[in-house]
Amino acid sequence: MTSKDVARHAGVSQSTVSYVLNDSPNQSISKATRERVREAAAALGYTPSAAARALRRGSSDTVLMVLPDAPIGSAIAAILEGVTAVLEPHGHPVVYRRQRDVGDLRALWHELMPAAIANLAAFPAAEEAAMEAGGIPVVSVSLDGAPGRAMRVPQTAIGRLQVEHLVQRGHTRLAFAASTDPTVAEFARGRLTGVEAACADHGLPAPVVLDVPLFVDAAQRAVQRMRDREDPVTAVCAYNDEVALAVLAGLRAAGLTSPDDLAVVGVDNVTAGRLAAPPLTTVDIGPDDIGTTLGKHVLRRLKPELELPEPDDEPAMDLVVRATT
């Protein structure tokens, strides 16, 4: 169905249909005519074209969320849900894409003409400047805690939180269990930097860094390398909960236990962690809060008339202590 069909059904001009369905201001159209147009549109199942609206206005209602080229796990999914929950009630649907190629991203935002772009540490400031120059507000999240972004989720703080907890438990020889996935390298670097800095602050040796693949036999070999040293590792800061669960599997395969032989701390607070045997201690980065806060930052740019208070720029992280420490 088109607006011409609605106009014919309602007995009005096509321009009247457009004025009514788009709530155009400064049009003297009677209440009875407006109701007739809306009834005709409902009867025919007509909805205005989002693409046509975007062409008329120079932008769409859609908010584009650009993610780093990394797996979309439970944390990223929760962030997406939080952003969507804030923006959709205000008429801004959220779409997302993983950032792989800057050229493709440029083509996408030129074609989509989004109302705003949320950059989850996926592309650099130079690209943001081009988008802003094109009239598209950009709200960005940084992973390194540097100023100049609407939000900061410093990965170093995650590593520091892991070490502080393990030091309080009396551990002095720590390891960092890294992911073998190259797409998460930027996240991993920040977390390892935090672990290294916290160890240095406490006068501890630099952490032993080992890749831990998500296979039991490979994880067992990594665990044995940690334990067979002259100064055996007694606690592990894992890149995330998946890697931490692999460490636990490696421990079981080696006939060892946690925390008696090796304390383990993960990141992300995934459901499987609390169901593990033993249940996993982890850092909860608060992805729901990150998503909600990011959505509020975007909404402030899109609807300043709402006069929303400025959200926090660095959501809180919590340590969830369970049996592995």
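Which helix does histidine 297 lie in?

1. The structure is a predicted model. Histidine 297 lies in helix α13, which spans residues 287-302. Its relative accessibility is 8%, so histidine 297 counts as buried, the limit being under 20%.

2. With neighbours within four places in sequence left aside, its contacts are Val139, Ala150, Met151, Glu310, Pro311 and Asp312. One of these, aspartate 312, places its backbone oxygen 3.3 Å from a polar atom of the histidine 297 side chain.

3. Val139 belongs to the strand β4, where it is one of the buried residues. The strand is part of an open sheet of five strands, ordered β2-β1-β3-β4-β5 and paired in parallel. The edges are β2 (94-98) and β5 (151-152), each of which pairs on one side only. Helix α5 (residues 74-87) packs on this sheet and touches β1 (63-67), β2 and β3 (116-120). The direction of α5 makes about 165 degrees with that of β1.

4. Strand β4 (residues 138-142) pairs with β5 in the parallel sense over two bridges. Valine 141 has methionine 151 in β5 as its bridge partner, and Met151 is also among the contacts of histidine 297. On the β3 side, four bridges join β3 to β4, again running parallel. There, isoleucine 117 stands opposite valine 138 in β4. Helix α7 (residues 125-133) lies across β3 and β4 and runs at about 165 degrees to β4.

5. How many of the five residues of β4 are buried? The count is five of five, and the strand is mostly covered. In a regular strand, side chains alternate between the two faces of the sheet. For β4, one side carries Val138, Ser140 and Ser142 and the other carries Val139 and Val141; both faces are covered, with all of these residues buried.

6. On the scale of the whole chain, the secondary structure comes to 13 helices and 11 strands. The radius of gyration is 26 Å, well over the 20 Å that the globule rule gives for 325 residues, so the chain is more spread out than a compact globule. The C-alpha atoms fill a box of roughly 90 × 35 × 35 Å along the principal axes.

7. Of the 325 residues, 46% count as buried. Among contacts with a separation of 6 or more, 70% involve residues 24 or more positions apart. The accessible surface of the chain comes to about 15500 Å², and carbon and sulfur atoms account for 51% of that area.

8. Serine 3 is found in helix α1 (residues 3-10) and is buried, with a relative accessible area of 16%. Its side chain makes a polar contact of 2.8 Å with the side chain of glutamine 14. Beyond residues up to four places away in sequence, serine 3 touches Gln14, Val17 and Tyr46.

9. Glycine 11 sits in the loop between α1 and α2 (14-21). At 60% relative accessibility, glycine 11 counts as exposed. Its C-alpha atom is separated by 68 Å from that of valine 321, which is 310 residues away along the chain.

Terms used
Residues numbered from 1 in each chain as written. Predicted model: local features only at pLDDT ≥ 70, side-chain atom pairs only at ≥ 80, totals over all residues. Heavy atoms only, no water. Buried < 20%, exposed > 50% of the residue type's maximum accessible area, 1.4 Å probe, protein only. Polar contact = N/O pair within 3.5 Å; in protein donor to acceptor, adjacent residues only side chain to side chain. Contact = heavy atoms within 4.5 Å. Pairing = 2+ DSSP bridges. Axes fitted to C-alpha atoms, helices over the stretch in contact; angles between N-to-C directions. Rg over C-alpha atoms; globule rule 2.2 N^0.38 Å. Areas by Shrake-Rupley, 256 points an atom, 1.4 Å probe, with all protein chains shown as cover.
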